[in-house]
Amino acid sequence: KNWSKSFQGVRFCIPIDQPKGMAAVPSAPFRPRCRYGKECYRRNEQHLGQFSHPGDSDWEAQFEEVAPAQIQAPTGGVVVGEALPLTTARGNVEVRAAGFSDPLQGGDGKQHRLYHFAISAAGVSELLSCRFSALRDFHLTLSPRGLDFPSRHIFRDMNKECNAKLRSFELLRYLQMLLNSVDVAMAGQMTMSHMLHQALSCSPAMAAGLLALGGARQLAEQQRQQAEAARLAEIRRQQIADRDFAQNVNHVGTALTMLFPRQVHFQLRTNMFSWRDNVTIQGQGGLDWFSMLRTSPLFSLGDTQVIANLAGEPMLALHRQFSFMHYEYRLERTGLGMMRVPLCAITRYPQLFAPATYAIQMLAPSFGGNITCEGRWFEDFVLYQNGMPACRISRRLWSFPEYYDVCIEPNFDVLLFLGIACAIDHIHHEIEKRKR
C-alpha cells in the first residue's frame with residue numbers, strides 16, 4: 001500500500017508494509033507514538049486509536065528515521081536520513097528532516113532550495129517546506145532568546161548537494177530547539193507566531209495545533225510564575241516573622257537561647273567593632289536583625305562590645321581580654337531585667353607551622369555541649385557542637401566593604417554562634433594589625 005500526499009507541487013510517496021491481520025489505513029494521518037512503546041500496558045480502544053504502538057503501520061511510518069527508501073524526494077533531490085534523536089514528551093514538537101528540493105528559480109531570478117521537514121505537534125503531523133531566507137527573516141524579526149540562526153555560509157555555493165545537506169542538518173537542529181526548549185522558555189511565543197506559520201507554510205490544521213501548544217505553554221508559564229510569586233511571598237513572610245521573633249526573644253518566657261527550626265543566614269561586616277558608624281547584622285532577605293554597639297552605658301568596661309536588638313536592648317556582651325600574645329573573648333548573654341549569664345570563653349592558640357586554632361570553653365551547660373572548630377578562618381571555617389556541624393563561616397567574594405556569611409544550622413543558638421563569629425573576626429584582625 002502506498003500513502004501519497006501532494007505538497008506544493010511535489011509528490012512524496014511513503015511505502016508502508018501492512019502487517020498481516022491489520023486493517024489498511026492508507027489515507028489516515030499519522031498518530032503520535034505512544035511514549036511507552038512496546039512497554040505500554042494500556043489496551044483500551046481510545047488509547048490504541050489515539051497513539052501508535054510497535055507493530056502498527058503508522059509506527060514505522062513515523063518520522064523517527066527518514067531513510068531514502070521511506071520518503072522519495074523530488075526528482076534530483078536528496079533525502080537526508082541523519083535526523084537527530086528527539087525524546088518524545090507530552091507537549092513536545094517532533095521535527096524530522098525530510099530532504100530538500102532541486103534548485104528552483106525564484107521571482108528575483110536567484111536559485112534557491114526548499115527544505116522539507118516532517119513536523120508533528122498537538123496530534124497533527126505534516127510535511128512542511130520552507131526557504132532558508134524565510135526562516136532567517138522570522139529569526140531576525142522575533143529574535144528567539146538564546147538561539148543562534150544557522151550561518152549563511154556566504155563563501156559556499158549552497159545549491160551544491162553536499163552544502164544543501166549541511167544546511168538541512170543545521171535547520172533541523174534550529175527548528176528542534178526553536179519549537180521546544182526555546183519556545184517553552186519564551187512561554188509559547190514562537191509556536192504562536194503567525195510569521196513562523198507562514199515561513200513554514202503551515203496548513204490551517206498545523207497552525208491551529210501550534211497555536212494550541214503555544215497557548216498551553218503560555219498558561220503553564222503563567223501558573224509557574226504565580227506559584228513562584230506565592231513561594232517568594234511565603235519566604236518573605238517567614239523571614240520577617242523570624243526577624244520579629246529575634247527582637248522579642250527576651251520578652252518571651254525565661255529561656256535565653258534563640259533557636260530556629262531552619263537554617264538561618266547572616267551577613268557580617270569584617271572587623272565591625274572598628275567602625276564608628278552604626279553597624280548592623282543583616283539576616284536573610286537583607287533584613288536588619290541586630291545592631292553592634294562598640295560601648296554601652298549598661299556595661300562599665302570599656303573593652304566590651306554589645307550585640308543589641310533593633311530597639312537598642314542589649315542581648316549579648318563580648319568582653320575583650322587581650323594581653324601580650326594572648327587573645328581571649330568572654331561572651332555573656334543578657335536577658336530581661338539585665339540578667340547576665342556567662343556563655344563561653346574563646347581563646348586563640350598560635351601554631352608554629354599551621355593556622356592558629358581557637359578553643360571554645362562553654363561556661364553554661366544549658367547552652368549546649370563542647371564547641372570545636374575546623375578549617376581556616378574566612379576560607380571554610382566550621383563550628384561543631386556535640387560533634388555536629390552547627391555553624392559555617394565563609395568570606396563573601398568581591399564585596400566592599402568586606403563581608404562574610406554566617407550560616408547557622410537548625411536548632412542551634414543563634415546569638416551564641418554570632419557572638420563566636422564576631423569575637424574570632426576581631427581577634428583575627430587584631431593579629432593582622434599588629435603584624436603590620
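Modeller: Happy to, and let's start with Cys407, which is buried at a relative accessible area of 13%. Please keep in mind that this is a predicted model. What is the closest cysteine sulfur to the sulfur of Cys407? That sulfur belongs to Cys391 and lies 7.4 Å away, too far for a bond. Cys162 has another setting, since its relative accessibility of 53% makes it count as exposed.

Now to the aromatic rings. A pair of aromatic rings is described by the distance of the centres and the angle of the planes. Searching the whole structure turns up 14 aromatic pairs. One of them joins Trp377 and Phe381: the ring centres are 5.1 Å apart and the planes meet at 75°, so this pair is edge-to-face. Trp377 is buried, at 7% relative accessible area, and Phe381 is buried as well, at 2%. Elsewhere, ring pairs connect Phe245, Phe260, Phe266, Trp289 and Phe290 into a cluster.

Arg167 places its charged end over the ring of Phe132, 3.6 Å from the ring centre. Arg320 lies over the face of Phe322, and here the distance to the ring centre is 5.5 Å.

Conventions. Residues numbered from 1 in each chain as written. Predicted model: local features only at pLDDT ≥ 70, side-chain atom pairs only at ≥ 80, totals over all residues. Heavy atoms only, no water. Phe/Tyr/Trp six-rings, centres within 6.5 Å; stacked < 30°, edge-to-face > 60°. Buried < 20%, exposed > 50% of the residue type's maximum accessible area, 1.4 Å probe, protein only. Lys NZ or Arg CZ within 6 Å of the ring centre and 35° of its normal. Disulfide = S-S within 2.5 Å.
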